[in-house]
Amino acid sequence: MSVDTISIKTQSVDNVSLPNKPLRVAVLVSGSGSNLQVLIDAMQAGTLPIEIVGVISNREDAYAVTRANAAAIPVAILSHVASGKRMGIKTFEQHANDQLQAWQPDLIVLAGFMRVLSGSFINSSPAPMINLHPSLLPAYKGLDTHQRAIQAGERHHGCSIHIVTAELDAGAVLTQAVLEVNQKDTADGLQKRVQKLEHQLLPWTVLLLAKGVLSLEQDQLGTQQKTCMPLLPLKLYVDS
Ligand code: GRF
């Protein structure tokens with residue numbers, strides 16, 4: 001572990017006063033939506049100054065859709081497969097862009113969203129986009145991250161939140177949560193342990209963005225890296 005990493009306790013940001021205007025957040029999902037649920041819970045509890053303005057799912061059977069409906073959040077289902085036909089990525093992106101333009105989010109969160117988006121979609125997005133990835137980037141971009149980390153004999157593993165850019169899983173890493181890999185860890189077991197970290201890292205990161213502690217402006221990112229704290233990525237260490 002490098003010596004210049006910063007460990008921050010979640011309690012340290014709890015005392016910060018909340019802004020008047022909540023951050024408008026859109027969430028893109030494909031699966032169970034446990035990370036979406038964490039954001040919904042924090043929003044409803046008043047501990048995260050956000051308004052989830054809409055959820056886009058590329059799967060109509062995603063449990064994330066049920067979670068969004070239960071919270072009365074607008075949902076757009078842009079199904080991967082419609083009437084037995086796969087929706088091409090261009091069509092998906094056209095509809096998704098229209099929907100996002102209508103919702104006018106300040107921030108777009110990819111939380112378990114499993115389609116690869118094009119550079120033109122990302123660059124014409126109405127708001128900055130962040131992605132939750134289950135590895136300590138830049139290690140293990142792409143899929144099967146837990147299995148690959150075990151096979152490589154990694155001592156540490158975890159999850160990252162990074163800015164979405166045209167290159168897959170390659171944008172600036174904002175925050176990471178780290179755990180120690182146990183000798184007896186299986187890929188499934190590690191996935192569950194990492195997902196628990198994700199449930200802390202995501203609201204914590206969104207809070208830092210909502211409070212302006214972290215900025216997604218490229219020039220400010222550069223400044224954060226060069227001069228002032230916090231040095232990115234911020235790392236959250238969790239006893240496990
Ligand atoms: C997360 O584990 C994330 O790392 C991966 O997809 C999973 C989504 O889980 N990209 P959920 O849908 O939030 O439960």
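Which backbone oxygen does the side chain of Arg-115 reach? The views below start elsewhere and come back to this residue in the last one.

This is a predicted model, in which local features need pLDDT of at least 70 and side-chain atom pairs count only at pLDDT 80 or more, while totals for chains, interfaces and linings use all residues. Residues are numbered from 1 along each chain as its sequence is written, and side-chain values use heavy atoms, with hydrogens and water left out.

**View 1. The whole fold has 8 helices and 10 strands.** Helices (H or I, at least four residues) and strands (E, at least two) are DSSP runs, numbered from the N terminus. Of the 240 residues, 48% count as buried, where buried means under 20% relative accessible area, exposed over 50% and partly exposed in between (1.4 Å probe, protein chains only). Contact means heavy atoms within 4.5 Å. Among contacts with a separation of 6 or more, 64% come from residues 24 or more positions apart.

**View 2. An open sheet is built from 8 strands.** Follow the order β3-β2-β1-β6-β7-β8-β9-β10, in which the pairing is mixed. The edges belong to β3 (75-77) and β10 (234-237); each has a single partner strand, so one side of each is left without a neighbour in the sheet. From one strand to the next, the twist averages 20°. Two strands pair if DSSP finds at least two bridges between them. As a reminder, strands of a sheet pair through backbone hydrogen bonds, either parallel or antiparallel.

**View 3. Strand β9 sits between β8 and β10 in the sheet order.** Strand β9 (residues 173-180) runs parallel to β10, and 4 bridges join the two. Val-178 has Tyr-237 in β10 as its bridge partner, and Ala-177 is partnered by Leu-236 of β10. With β8 (residues 156-163), strand β9 is joined by 7 bridges in an antiparallel arrangement; here His-162 finds its bridge partner in Val-173 of β9. Of the 8 residues of β9, 7 are buried, so the strand is largely enclosed by the rest of the structure.

**View 4. β1 and β2 run parallel, joined by 7 bridges.** Leu-23 stands opposite Ile-50 in β2. In β1, 6 of the 7 residues are buried, so this strand is largely enclosed by the rest of the structure. Now look at Gly-54, which is found in strand β2 and is buried, with a relative accessible area of 0%. Leaving aside its neighbours within four places in sequence, Gly-54 is in contact with Val-25, Ala-26, Val-27, Ile-73, Pro-74 and Trp-103. The C-alpha atoms of Gly-54 and Val-75 are 5.7 Å apart in space, though the two residues are 21 residues apart in sequence.

**View 5. The structure holds 3 salt bridges.** A salt bridge is a side-chain nitrogen of Lys or Arg within 4 Å of a carboxyl oxygen of Asp or Glu. The side chains of Arg-24 and Glu-51 form one of them, at 3.7 Å from N to O. This pair links distant parts of the chain, with Arg-24 in strand β1 and Glu-51 in strand β2, 27 residues apart. Arg-24 is partly exposed, with a relative accessible area of 26%, and Glu-51 is partly exposed at 36%. Asp-61 and Arg-59 also meet in a salt bridge, at 3.1 Å from N to O. Asp-61 counts as exposed, at 55% relative accessibility, whereas Arg-59 is partly exposed at 39%. Asp-185 and Arg-193 make another salt bridge, their closest N and O atoms being 2.6 Å apart; Asp-185 is buried, and so is Arg-193.

**View 6. Arg-115 is buried yet has no salt bridge.** Here is the residue from the opening question: Arg-115 lies in the loop between β6 (107-110) and α5 (119-123). Lys and Arg count as positive and Asp and Glu as negative, while His and the chain ends are not counted. The nearest side chain of opposite charge is that of Glu-93, 7.8 Å away. The side chain of Arg-115 instead reaches the backbone oxygen of Met-87, at 3.0 Å. A polar contact is a pair of N or O atoms within 3.5 Å; within protein, one must be able to donate a hydrogen and the other to accept it, and residues adjacent in sequence count only if both atoms are side-chain atoms.

Notes:
Axes are lines fitted to C-alpha atoms, for helices over the stretch in contact, and angles run from 0 to 180 degrees between N-to-C directions.
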